Amino acid sequence: MKIEIGTAYYPEAWPEERVRLDAKLMKEGGISLVRIGEFAWSHMEPREGVYTFEWLHSAVKILGRAGIKVILCTPTSTAPAWLVKKHPEIRIRRPDGTTAYFGVRDHTCYTSSVYRKYAAKLISRLAKEFASCESIAAWQLDNEIGHTIFGSCHCAECQKEFRNFLRRKYGSLEKLNRAWWTVFWSQEYSDWDEIELGGMELKMDSGRVLDSFRFRSEANRAFIVNQIQAIRKFAPDARICTNNYAGLFDRFKAAEMLDFMGEDFYPSADKPMGHNAMVLDRYRCLKEGVPAWILESATSPGAPMRNLFRFFLWSFIARGYDHIVYFHWRSHLGGYEKSHGTFLGPTGKPRARYRLLQEVTRELDAVFKKYPSLPLPKQEAAILHDYETLWSWCAGFWSHWGEFEKTVEYSHRQLLAWGVNSDLIPPDRDFSPYKLLVIPLQTHFPKKLARRLRAFIARGGVVLLGGSSGMYDGNSKLLPEPGPEHLREVFGISIEDFIVFNSDMPMAKNEARESSLSKQVTFSGTLNGKPVAGLADKWIADMEPAGASVLLSYENTILKGQPFFTENRYGDGWALYYGANLVDEASLRVMTRYAVEKAGIPCRALPENVEAVTRGPLTFFLNHGDTPVSFKPDCKGTVVAGGRFSRGRLELQPRDFCVIEHE
Amino acid sequence: MKIEIGTAYYPEAWPEERVRLDAKLMKEGGISLVRIGEFAWSHMEPREGVYTFEWLHSAVKILGRAGIKVILCTPTSTAPAWLVKKHPEIRIRRPDGTTAYFGVRDHTCYTSSVYRKYAAKLISRLAKEFASCESIAAWQLDNEIGHTIFGSCHCAECQKEFRNFLRRKYGSLEKLNRAWWTVFWSQEYSDWDEIELGGMELKMDSGRVLDSFRFRSEANRAFIVNQIQAIRKFAPDARICTNNYAGLFDRFKAAEMLDFMGEDFYPSADKPMGHNAMVLDRYRCLKEGVPAWILESATSPGAPMRNLFRFFLWSFIARGYDHIVYFHWRSHLGGYEKSHGTFLGPTGKPRARYRLLQEVTRELDAVFKKYPSLPLPKQEAAILHDYETLWSWCAGFWSHWGEFEKTVEYSHRQLLAWGVNSDLIPPDRDFSPYKLLVIPLQTHFPKKLARRLRAFIARGGVVLLGGSSGMYDGNSKLLPEPGPEHLREVFGISIEDFIVFNSDMPMAKNEARESSLSKQVTFSGTLNGKPVAGLADKWIADMEPAGASVLLSYENTILKGQPFFTENRYGDGWALYYGANLVDEASLRVMTRYAVEKAGIPCRALPENVEAVTRGPLTFFLNHGDTPVSFKPDCKGTVVAGGRFSRGRLELQPRDFCVIEHE
Amino acid sequence: MKIEIGTAYYPEAWPEERVRLDAKLMKEGGISLVRIGEFAWSHMEPREGVYTFEWLHSAVKILGRAGIKVILCTPTSTAPAWLVKKHPEIRIRRPDGTTAYFGVRDHTCYTSSVYRKYAAKLISRLAKEFASCESIAAWQLDNEIGHTIFGSCHCAECQKEFRNFLRRKYGSLEKLNRAWWTVFWSQEYSDWDEIELGGMELKMDSGRVLDSFRFRSEANRAFIVNQIQAIRKFAPDARICTNNYAGLFDRFKAAEMLDFMGEDFYPSADKPMGHNAMVLDRYRCLKEGVPAWILESATSPGAPMRNLFRFFLWSFIARGYDHIVYFHWRSHLGGYEKSHGTFLGPTGKPRARYRLLQEVTRELDAVFKKYPSLPLPKQEAAILHDYETLWSWCAGFWSHWGEFEKTVEYSHRQLLAWGVNSDLIPPDRDFSPYKLLVIPLQTHFPKKLARRLRAFIARGGVVLLGGSSGMYDGNSKLLPEPGPEHLREVFGISIEDFIVFNSDMPMAKNEARESSLSKQVTFSGTLNGKPVAGLADKWIADMEPAGASVLLSYENTILKGQPFFTENRYGDGWALYYGANLVDEASLRVMTRYAVEKAGIPCRALPENVEAVTRGPLTFFLNHGDTPVSFKPDCKGTVVAGGRFSRGRLELQPRDFCVIEHE
């Protein structure tokens, strides 16, 4: 197999001779994939209806001849000046009436029918031109859909379409008023036209905010479909993707429309190991079984530049990425991003960064040529990642979307601490491949999901459920009955009430316990015979056991003596629940280990800051720490790349890795 | 007597059967007061002129039958969607032309005649419906008048009315130009229509800002009067209040219109003891001699929830509150505040918080049944709190409104440190009940106020005056003569000049003195034979003694050797003055004690973080600290509630209290 | 000679008798210069075409009779209410469409032809009235041109004029598109009307931002010329200046229009010594050979007020200022700045600040009467300060204008540390007076500048060049060839590529080196036989020596072993280059010393926080530190003012100075 290393490239900016030289340098540098065109509308259609694809044909041809495949992009994130001037109404309009301006990117409304029409026209034409071109490996739609400095659009067309969306969904205002609980703050609507789009930046009820997100997610999906149709009209077999689809919109749903997903990931040496792993796991799982590509990454990631380019590249491969595209080839001489990292710099001369690229790609070719292919890493644990929950968390006076993402990452990190890798999956993904399902936060359990969870547990699965999960209906309203909805029997508990507070306890510090005994909710008990004592925060369950065994209990406050962490046997599996949205890290780690062992998943003893991932015959060990480590890994074999493995001990320098082929 | 415990309640959100169950639970929980209706416009008038009061009649009836009285609210903080759609001009308009949006609350202009008309129509109707209803204990106007996330309104009608207000006030532009000192920065007006409303958010002259505040305060008062008239038309005997009237507008003036004042106070365990006491003292004094109610407080105040509900409730009673309403009964299932604390939670089941309520109300009933009534706490010291000063402090390049409130709280805290409780009174309140008057900041002394102060001192009163008090005229202009105006003779000083600077010295740290000798203005001397050495900041007086004795003098800077703290005998009393707007806490404390002793007020020796308040036969001791205390109180008697009192020593756990009936 | 001490004064605010008294007090206080009129439009022209100059004539006459000269100001920073009402289009318009409001100052557009017309009309009239008045020493245009809280204007006229500016400059859109590199992000223009003004607050390409700055700089210059013409029409010999021209616009170009430059400088005791020196050096150099005036400074600078008024005044004189005007005479009773420091305070009585003024001016008169005149301080080193570079630094995703100013100040401080004072000069200033030229950042070297630099070095000069200098073209685009442009041969290097990153290393801390070895780019080597080891950050050169000697080299990263600091003999001089935009302070200091010695400039051994400046026969020593110092200065002579000089040792208290006349 071959790890395909690619780069973003802007032939529109350079003369043809230079493109020829670049193709040669790319080839010699080990580049086999080039992304082109995502910001080139004004160079494809300089005036309305006037198309200039010559430069693009030429570039694709030159690259093709050098054996380099192309990812061709639709340039819709950069509507040209003439279009904005002719149709100023396509610009994003903020809630306060001000509008986006030309000169940045992503200044246009995804809902705008005018904009979509112009986009479709250009894309059809582009598809027609390049449909038969063999070196097109894939099509990328737009660029980072949903990322904009202008915030979400509130233009007249968005408002109109939002009302249509609500009409279709609710049929009557009575239903909408009930669904949104408009009885509070006198928000009952008596006319559809009274309703306006919500947004997380506006302090308002979660019902409106949730439906506003659903509407936007739908609108973005329609924007994608619109583009796919325009391409498929002429290139029916095109493989179509997009990159770094904004995390505020349902990426799983977007993935359904697309052939594969692309990620833009600029890793940082300052972020903890778990963050790197979580981002890679999250993207890998967006489209089930279909490998994701990295469509942008840094040529000089973080400081120092020493070996991190190589280190991070191998960390990508470890977690299932075989196509890695860098941003970008040669510095733009002008423009907002002229100082962005590249392989060649403005002079276009091969220097240190290029030489490093060359070394690294040669090593990759040498290592991987002996494997026909590598399977994706196979995980025994999964974490639920639900966009409806994320959106629900975007409204109300004590929540914001970051909380949801942080909570998921926090759980992911506790698994990683025991050497357990995990998938991040949507609620409708098949659970059967997994032994353990961690659900730190899932506001609403539709009946079907609850049924599937019951079945999963009954067949021997373990579920570790947390906090306010299952306490809300499908409109983010609190349930008027005890929770977790549809799962009380399975978990053997009944959550009757809860208390919300926020002491801003740092997530990762347990030392706070003693000094702040009077400020936190504390719990204690024993797990596997060992004493556990911790802190809970944010959202605290007031529950009754109804069959479950109580493992840990609250120690203080008016909940003193009531259960905090419970387990229940259900069929052949186990249902575990802890009653807080935030638990101090040491305790959550121990509770997670308890669930891991219950599920029969082996823990891997690894030094701190070291991760291990297995793909088929290979296991990748990566040291994310700033100090060297030396340890006995739990596998035997021979070193394929990196590191040093002698007398059973693996030696890893800081930011170094080692790949072992199992015996 | 009975301490009335109440709750906000939203019968518009629940079916009648549930209201019946809630009434039963309230009664059993010790609730005797319910606040209803403040956000229910769309449920009272779902379409223009269509009234639906059935649910409200039913709720009031059910509650009445259970012996629970009702505070009925006008729902004007939440204008419904149909009204906003029909009359978008009623929305708050910001100075930059953007407007408030529907979906939050307090989105409407208090000045708007259209809005007032609609409000009055609904309120009249509401009054007509419920005029004869015996279980209505009181009416609450609007909700938290003046609190809005949208800032103050600058709509066309506000501008027009502001000009009318100025025309009435000044008569001629010449007078206005002089009053505002428009000669600076070329701001002289030659046409009334050139003038626009100011605001503290806009950097502009204090004259315009001060009159803008006066205008708004008047406009809000008219808004109140408008509502009172609408109610009294049908319910002439209605007792009318409002809650948490915004602190940027004159609360004393608002209180004049109302029968009693209501407070929303969510205490925090993280705030110092003095803050709690100050807020309660401030509200209690808004309407002289008329007890204030707490109209909102937290069901689960801060962390931990252990006993703070009980602790804070007793702290309210200690400072004169016998009606305490909590927010709120049962969680809204949706809406912006669905996660707010309640007694019942979304399931509506009595759980831990309800059980605590029950316990606490039973204790209250048991304790207070033997007292026919308790007088308000009687204070011997008062602090002047003047809205004109607060507003004056809102403009100019080195001031803001927080400074004034902070300065008042700072002085209040120094009294409390010696066990001296105080009232916070407006300048036109009767001074004769007090022995000591502390005036940390009173920009302007109108002749009448100065005369009353002179009389107060002459008759034996003590005044402790600070900083730039008396240095401004009634338009916040600096006086061209030495200050303090009208009081130079009384204080025996002449403030000839001043120096302003700002080293951001922390208010509470005296340790800074040595290390920053060269950065602060320092003073020293002796008080009662003990040496005092401190720091002054922000505004420093350059004064001459004119009869006064100099107690402390400046040590450094060009003011070296000049007086800083002076005292003057006047009639039977004493006039004390210190020449800075900020004094380090240790020194101000000692200076305050000097004034307290001069006034013949006994100091109470209390451990740190412990407060003591006396109401008639009872003294309340409250430990706000995180550690237990044990001390000998200065009174004898028997424990009525809380604490432990044995062998003359009082033992108080953290956040615990003890009430003693005097022998 | 006489050091002229002045004050801003507002006779429009006071009655004539008071003006008479003020003139007397000024004279007795040592004031010989008064600035009048800069905020008085509404008092000069209260209604359109109605002029009221009586007060001004009277004031000028009274002051003249007292022997006090006048700086007469055009009041254009405060357009009056009637004008704003009649022509609201003259208000500054922000990019989001909101506009400035009346009530502050600087609310009008410098480009507006309507505004300029009204301004010119008033100014002509003013000039006509006062042309023959002998006591007018100078005219000041506007007040602090370019300083406004409203940001730069984007009104329709600005947009139109910007397009005209671009048309004139580029002739064709093809040229503009190439110059701005609009190929990136699809920003190619096909119609002039598509183009809108940029701004540093908008995230956009540097080409547009750079030309927007150039346009604004031109517009401001035209605004100045407009006013000069209006004055010269009637007062052809008027000496014209302005004050504190905003640092975002080309001050050197503005100086060309004006007879001399004025500075507003409010020094702070909290800022390091170097900042004070840098500001004074910068202003002094704005107009070559013409002394600058300080047109505003603080009457009570910082804390403590003890002697800092005197200390800072002498620090101004030391660096070449003989005219020093303070802000201001007597407190305005109202207006935004009523609390600003003054000599007299609101009461108008001479108090501590006035007495200090009197003392200080008497001392000045006594000291300087024996010198016929003092030359400006003469420096042997200069630092390049280029507005085109500053503007280039205002756009792009990792830069901002502060970076450029910080970088210049950083280099200035390293010279000062060795007792070397320097001029801050524009690129077109004559280099021949200097031995050393420090160029920390000069994005673009036009051919002519490069030629002049080559000549300077060839004739024996030393240039110390840093970081990304010479890597950009005249439109802030990166050069596609190795740099530094036109100077590769001179420096004997070829910068082939660079790496940008940002670890937010504190500029001044070298201790970070060991602990962050893995996060920084490190370099080492020896200078003058002593080992040097340091850190580089922000922008790192990847260069080849081409004749130069390598003094220091990179230690780590992919650049390991490559040159970092180089020197090259060229003609009789030396060309030194270091390859980073940020170097830790200790290393840059040593490298600077290396360059200073190479240039044959003597280093002065001074204690920390002490500066020394020589003007003709006098050397000024100033101790900016908080502790006393005692040292042997490198000159002999007698004390003329301040300090204590005995047995060859100079003793300086904190914030004290000593002036020595050389033997």
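Apart from neighbours within four places in sequence, Asp423(B) is in contact (heavy atoms within 4.5 Å) with Arg284(B), Cys285(B), Gln379(B), Ala381(B), Ala382(B), Ile383(B) and Tyr434(B). This residue belongs to strand E10 (residues 422-425) of chain B; helices (H or I, at least four residues) and strands (E, at least two) are DSSP runs, numbered from the N terminus. With a relative accessibility of 10%, Asp423(B) counts as buried, where buried means under 20% relative accessible area, exposed over 50% and partly exposed in between, for a 1.4 Å probe and protein chains only.

The structure is a predicted model, in which local features need pLDDT of at least 70 and side-chain atom pairs count only at pLDDT 80 or more, while totals for chains, interfaces and linings use all residues. Residues are numbered from 1 along each chain as its sequence is written, chains are lettered from A and ligands numbered from 1 in the order in which they are written, and side-chain values use heavy atoms, with hydrogens and water left out.

Two further positions were examined in chain B. Ser32(B) is placed in the loop between helix H1 (16-29) and strand E2 (33-36) of chain B. The relative accessible area of Ser32(B) is 7%, so this residue is buried. When residues up to four places away in sequence are not counted, Ser32(B) touches Lys2(B), Glu4(B), Ile5(B), Gly67(B), Ile68(B) and Lys69(B). Asp537(B) lies in strand E15 (residues 530-545) of chain B and is buried, with a relative accessible area of 0%. Between Asp537(B) and Val500(B) the C-alpha to C-alpha distance is 8.1 Å, at a separation of 37 residues in sequence.

At the level of the whole chain, the secondary structure of chain A comprises 18 helices and 26 strands. A compact globule of 663 residues would have a radius of gyration near 26 Å, and the 26 Å of chain A agrees with this; the radius of gyration is taken over C-alpha atoms, and the globule rule is 2.2 Å times the number of residues to the power 0.38. Along the principal axes, the C-alpha atoms of chain A fill a box of roughly 75 × 75 × 45 Å. Of the 663 residues in chain A, 66% are buried. Among contacts in chain A between residues at least 6 apart in sequence, 72% join residues at least 24 apart.

Helix packing was examined in both chains. In chain A, the axes of helix H1 (residues 16-29) and helix H3 (residues 54-65) come within 9 Å and cross at roughly 30°. Axes are lines fitted to C-alpha atoms, for helices over the stretch in contact, and angles run from 0 to 180 degrees between N-to-C directions. H1(A) and H3(A) are therefore roughly parallel to each other; angles under 35 degrees count as roughly parallel, over 145 as roughly antiparallel, 65 to 115 as roughly perpendicular and the rest as oblique. The contact involves Glu16(A), Val19(A), Arg20(A), Ala23(A) and Met26(A) of H1(A), together with Ser58(A), Ala59(A), Ile62(A) and Leu63(A) of H3(A). By class, six nonpolar, one polar and two charged residues make up the contact of H1(A) with H3(A), with Ala, Val, Leu, Ile, Met, Phe, Trp, Tyr, Cys and Pro counted as nonpolar, Asp, Glu, Lys and Arg as charged, and the others, Gly among them, as polar.

In chain B, helix H6 (residues 156-170) and helix H8 (residues 206-232) pack at an angle of about 105°, with their axes 10 Å apart. H6(B) and H8(B) are therefore roughly perpendicular to each other. H6(B) contributes Cys158(B), Glu161(B), Phe162(B), Phe165(B), Leu166(B), Lys169(B) and Tyr170(B) to the contact, and H8(B) contributes Arg208(B), Asp211(B), Ser212(B), Arg214(B), Phe215(B) and Glu218(B). The contact of H6(B) with H8(B) has six nonpolar, one polar and six charged residues.

Backbone geometry was considered last. Most residues other than glycine have a negative phi, and most peptide bonds are trans. Gly483(A) and Pro484(A) are joined by a cis peptide bond with omega of about -5°, and Pro484(A) lies in the loop between strand E12 (462-466) and helix H16 (488-491) of chain A. In chain B, the peptide bond from Gly483(B) to Pro484(B) is cis, with omega near -5°. Ser476(A), found in the loop between E12 and H16 of chain A, has a positive phi of about 70° although it is not a glycine. At 1% relative accessibility, Ser476(A) counts as buried. Phi is also positive, near 55°, in Asp106(A), a residue other than glycine. Asp106(A) is placed in the loop between helix H4 (81-86) and helix H5 (113-130) of chain A and counts as buried at 6% relative accessibility.
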